Amino acid sequence: MRRWKTIGYAIVCVFSAMAASCQNGGEGNAAPSAAQPVVQAPSSNAKEKRPNILLIVADDLGYADLGVFGSEIPTPNMDALAKSGMLLTNFYAHMACSPTRAMLMSGTDSHIAGLGVMNPSNDPAQKGQPGYESYLNFRVASMANLMKDAGYHTYMTGKWHLGATVETGPRARGFEKSFVSIDGAAHLGGLSWNGPGLAPYRDGEEMVTVDDDFYTTRFYTERMIDYIDADRADDKPFFAYLAYTAPHWPLQAPRSSIEQFKGWYDDGYEALYKRRFARMKELGFVSADAEELPPVEGQPAWEDLTAEEQKTEARKMEIYAAMVSDLDVYIGQVVDYLKSIGEYDNTFIFFMSDNGPENQRRDLTNEAIADWVAQCCDNSYENLGDGDSYVMYGPNWARASSVAFYRAKSTGFEGGIHVPAFVRYPAMIDGGARNDQFITAMDVLPTFMDLADAELPNGAYRGRTVFPVKGSSFIATLQDPKTQIHDSSNAVGWELYGHRALRRGDWKLVWDAAKADDAAWELYNIAEDPQEQNDLSDVETERLKTMISLWRTYHEENGLRP
């Protein structure tokens, strides 16, 4: 039984850049300009030929966390989707959740789309500046509006994280129906992960909280099926955005799910890393002569932990595995539903993670969160994983989630931005294919527009100027995996809180902000050194200068500050 408790709220237009949108009820309802009409939906004959589109995004899922990529966690439904479709082995997101989502929804750089920072910045160089709004701004057209204009139903459940107000929420940006997490991640029960109180959700435009029986992975799935089913009679195609919060921290899952993995990780994080590393070599995701990455600096070896510490650490990974397994179970329910209504093979299914695995312990280092954990939660061993527990699995298990790549979320290294992805659409893709071409989250929107047989906005949308889409459709490389969509002269950059990266062809520039005053540009040949262990900045000095020059161009073109 689903139950919600309503919280009062007020709709207030507070951002000057949004004034025109607010006057018209948000972007989703704004009247189109005479100079720039809304893209018209294709004819009914064209619509019958177009696929439904299902975008599935996992949260903080590591590259090696799915069976098809080498994990021991059973993920048969996702594995089957990938094996009957195409693995995208060279897919890049951003360093963290909302910048990736901004890239997805806008098809352009996160700094242009408003997520140059994830939360409002107090930096004088950034505060109030375009691109640092910390919500999906109105200098871009949103994917949902464009799909809606193209004649698609538009639905979303899960993590929006692109604006907390009604005016910046999913309904205002084109989703007809939505149920979303406001503050980013919660899983089991009603407690907030982000501070005192209950986790806030928005059902359409109404703010709600949930009860102790609530489980996000289950609910987002069931609600999405309800949305699709309610509109089947009109025979329009749908665009469905399933933005799961699993396996984001805090680690929580139903007890029955957790118990399935009891004892699986008792030999520790180093043993898990070795097993996955060997398996990824067998599958060809790691070269046969690759050496294991070094253990995380400053972290204890498994054998140095006490028996009680080992027991607790193993339990954390059991909960994480349960969250990933449940993600697979409920994605399987979506697949079963699509099969039951005859739409499975007519649905373009795209899956990705929003960034690499979380390797930090914010439950210990973030003072506000640590204070809330002390108030809200019972982290005794017997209670770990319940809705009133609050733990993260930390850097050692995260190393085993990345395996093939160095570092993790919030960095520009491969472990932070190189993520698992696959696509299934039998009308276009033969099963069992593998694609090694460089593709980014910015390329998803133009790909979906290609599938919808619709045009991208050309400098203007709904009466306002918008930035052009930077991404490119990857339909051509799905049809022929040898086809590049980004040639070797095309440079793509990333930046968040001082962490930086830029890639052109096989070469990659990285700035590790964690080194503080000791930070300097590092240079890697990703084709020869995907694990980023051989910094060539002192050897390839001319190439380093060229890459730094490209970074400066990226910095200027995308409005980075400072």
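Asp-345 forms a salt bridge with Arg-424, the closest N and O atoms being 3.0 Å apart; the term denotes a side-chain nitrogen of Lys or Arg within 4 Å of a carboxyl oxygen of Asp or Glu. Asp-345 lies in the loop between H10 and E10 and Arg-424 in strand E12, so the pair ties together parts that are 79 residues apart in sequence. Helices (H or I, at least four residues) and strands (E, at least two) are DSSP runs, numbered from the N terminus. At 46% relative accessibility Asp-345 is partly exposed, whereas Arg-424, at 8%, is buried. Buried means under 20% relative accessible area, exposed over 50%, and partly exposed in between (1.4 Å probe, protein chains only).

The model is predicted: local features need pLDDT of at least 70, side-chain atom pairs count only at pLDDT 80 or more, and totals for chains, interfaces and linings use all residues. Residues are numbered from 1 along each chain as its sequence is written, and side-chain values use heavy atoms, with hydrogens and water left out.

A search of the whole structure finds 28 salt bridges. One of them joins the side chains of Lys-274 and Glu-292 at 3.1 Å, N to O. Lys-274 belongs to helix H9 (residues 269–283) and Glu-292 to the loop between H9 and H10, so this pair links parts 18 residues apart in sequence. Within helix H10, Arg-315 and Glu-318 are three residues apart, which separates them by about one helical turn. Their side chains meet in a salt bridge of 2.7 Å, N to O, and both residues are buried.

Helix H3 (residues 76–83) has Met-78, Asp-79, Leu-81 and Ala-82 buried. Seen down the axis of H3, these residues fall within an arc of 160°, so they line one face of the helix; the arc is that of the directions from the helix axis to the C-beta atoms. The face turned away from the buried side carries the exposed residues Pro-76 and Lys-83. Among the elements covering the buried residues of H3 are helix H10 (307–340) and strand E12 (421–424).

Strand E4 (residues 91–92) pairs with E14 in the parallel sense over two bridges; two strands pair if DSSP finds at least two bridges between them. Phe-91 has Ile-439 as its bridge partner in E14.

Conventions
Contact means heavy atoms within 4.5 Å.
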